[in-house]
Amino acid sequence: MMLEPAQRAGDAPRAASEQGPSPAPGTRLPAPTGDARLRAEREQWRLRRNLERQLHDGASLRISALTLQLGLLRHRAAKAECGDLHAYIEGFQDELHAVLQELRDVSVRIYPPLLDEAGLGPALREAADRVDVPLRVDVPEDRFGPAAEGVAYFAVVGCLEALRPGTPGLAVVARREDRTLAVDVVGVEPCHADAMLGAVGRLDGVIDVVGGPGVGTITVRIPCE
Amino acid sequence: MRVALAEDGALFREGLVMLLEAAGHEVVGCTADGDSIVELLAEEPADIAILDIRMPPEPDGGLVTAERLRAAHPGLGLLFLSHYAESHYLMRILQIGTESVGYRLKEKVGSVDVLSDTLARIGAGEIVIEPVLARRLVERPRGERKGIISTLSERELDVLRLMAEGRSNNGIAGQLFVTPKAVEKHIANIFGKLNLHADTTEHHRRVLAVLTYLRSQRNGD
């Protein structure tokens, strides 16, 4: 049975008992620190992944089912010889395909489904196909959790998208270092590290840069599951 | 044809059953997960099983189910449906089987003609690949292959794209309104430029050669 989107997304409001004592009126809450902040940051990535699943299981599947129903209508219209009605219906089906393609583009930006289902290696290989720079991807099949995988993926992809055309080949090499996901981006200008720092830092990750100012290696280390 | 179907979205499953029946196919059974269709097909013979890739057993139940079905019924055709057309899944599908397999987007089988054409080609042993994905494979080949692909003529690119859809020479000829002999000549030229061996006359081996060429990384993949 298909679950309701809210149940699948796991974003149902928490029961009051889980939220702790409520603050006194008129007080300003302190910003979360340490573990609480890190937990909130990880939760954001889980939420992004769940939103992608919700789009897949909800709206997208409904639209796909609608194209089948239109297909049946088109078949009946063609048999009943209703003028060019069947051609109109085909046009609607093409339009729904375009809608689904746009939803797919949005999904990939929220949280790539391939990253969720197959992990960092397949998702980065797919991303590599979208840029003109040759990229070698050497990533183990190991899983690192939605937060670390999400940050690593968007850090690398952001870097790829910022490359100048004509950049020679790069390599992305990932490995597990105990409870840390380490990713080397080899053959890039170290200045690209600045753009990665925000998201990596929010998960208590660190970035090391070797070489430069020309071509160097950026190494991202992110605590992971 | 006798068709069995596994898909966890009820609305889509019911729509597909109705469309299959309108196209004159017999639906021998439909289930909401992979394990149930394995049980169903142990009792009920079928020509083709249609499988949603992302269904229970999670995360990609369609693929693990297909492996079990291929082992139990080697002659059973397999059509994979998905919301995403990804080369990653195409390669996994081709590891399960390289004959009588298909991979299509869910919203693209929404016509009696396309559905019947897809099933007929799978029934005839072909590999059927979603045209959206085949086009992407040809337009964005991996790594250094981009340079070589750009040396192909417009017509050769059309032929390569249709080969990447898994179409037979006669199928390609029909799509391009040319003779099978002309298609044969284009294929020889393409294989020459890509430095692939065209000595095998078996159609699906040539399709595989083309797909592997477009997909492989320098360091293997």
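Helices and strands are DSSP runs, numbered from the N terminus. In this predicted model, Asp178(A) lies in the loop between strands β2 (170-177) and β3 (180-188) of chain A. Phi of Asp178(A) is near 60 degrees, a positive value in a residue other than glycine. Most residues other than glycine have a negative phi. Asp178(A) is exposed, because 7 other C-beta atoms lie within 10 Å and the cut-off for an exposed residue is 12 or fewer.

Asp204(A) is found in the loop between α7 (193-202) and β4 (206-211) of chain A. Asp204(A) has 14 other C-beta atoms within 10 Å and is therefore partly exposed.

Chain A as a whole contains 7 helices and 5 strands. From the N terminus on, the order of elements is α-α-α-α-α-β-α-β-β-α-β-β. The radius of gyration of chain A is 23 Å, well over the 17 Å that the globule rule gives for 225 residues, so chain A is more spread out than a compact globule. The C-alpha trace of chain A spans about 70 × 60 × 30 Å along its principal axes. Buried residues account for 33% of the 225 residues. Among contacts in chain A between residues at least 6 apart in sequence, 67% join residues at least 24 apart.

Confidence was examined along chain A. The average pLDDT of chain A is 88, and 91% of the residues score at least 70. Over residues 1-17 of chain A, pLDDT stays under 50. The model has 22 contacts beyond four places in sequence for residues 1-17 of chain A. Where pLDDT is low, the predicted coordinates should not be read in detail.

Chain A is divided into domain 1 (36-111) and domain 2 (114-223). The centres of domain 1 and domain 2 of chain A, taken over C-alpha atoms, are separated by 30 Å. The contact between these domains takes 9 residues from domain 1 of chain A and 8 residues from domain 2 of chain A. On the domain 1 side, the residues divide into 3 nonpolar, no polar and 6 charged.

The two chains also meet. Their contact takes 30 residues from chain A and 29 residues from chain B. On the chain A side, the elements that give two or more residues are α2 (34-79), α3 (85-110), α4 (113-118) and α5 (120-130). The largest share comes from α2(A), with 15 residues. By residue class, the chain A side divides into 14 nonpolar, 9 polar and 7 charged.

Chain B has 11 helices and 6 strands. The radius of gyration of chain B is 18 Å, close to the 17 Å that the globule rule gives for 221 residues, so chain B is as compact as a globular protein of that length. Its C-alpha trace spans about 50 × 40 × 30 Å along the principal axes. Of the 221 residues of chain B, 47% count as buried. Among contacts in chain B between residues at least 6 apart in sequence, 63% join residues at least 24 apart.

UniProt lists residues 2-132 of chain B as "domain: Response regulatory", in an unreviewed entry. This span is 45% helix and 23% strand, and its end C-alpha atoms lie 27 Å apart. UniProt also places the feature "modified residue: 4-aspartylphosphate" (unreviewed entry) at Asp52(B). Asp52(B) sits in strand β3 (residues 48-52) of chain B. Asp52(B) is buried, because 27 other C-beta atoms lie within 10 Å and the cut-off for a buried residue is 20 or more. Leaving aside neighbours within four places in sequence, Asp52(B) is in contact with Ala6(B), Glu7(B), Asp8(B), Gly62(B) and Leu81(B).

Most peptide bonds are trans. A cis peptide bond joins Pro56(B) and Pro57(B), with omega about 0 degrees. Pro57(B) is found in the loop between β3 and α3 (61-72) of chain B. The peptide bond from Glu58(B) to Pro59(B) is cis, with omega near 0 degrees. Pro59(B) is placed in the loop between β3 and α3 of chain B.

Ala209(B) is found in helix α11 (residues 203-215) of chain B. With 17 other C-beta atoms within 10 Å, Ala209(B) is partly exposed. Ala209(B) and Arg121(B) are 88 residues apart in sequence and 19 Å apart in space, C-alpha to C-alpha.

Note on methods:
Residues are numbered from 1 along each chain as its sequence is written. Chains are lettered from A and ligands numbered from 1 in the order in which they are written. This is a predicted model: local features need pLDDT of at least 70, side-chain atom pairs count only at pLDDT 80 or more; totals for chains, interfaces and linings use all residues. Two residues are in contact if their C-beta atoms, placed from the backbone, lie within 7 Å. Helices (H or I, at least four residues) and strands (E, at least two) are DSSP runs, numbered from the N terminus. Ala, Val, Leu, Ile, Met, Phe, Trp, Tyr, Cys and Pro count as nonpolar, Asp, Glu, Lys and Arg as charged, and the others, Gly among them, as polar. UniProt positions are given in the numbering used here, feature names are shortened, and annotations may be inferred rather than shown by experiment. The radius of gyration is taken over C-alpha atoms; the globule rule is 2.2 Å times the number of residues to the power 0.38. Domain bounds come from an automatic or database domain assignment. pLDDT is the predictor's confidence in each residue, from 0 to 100.
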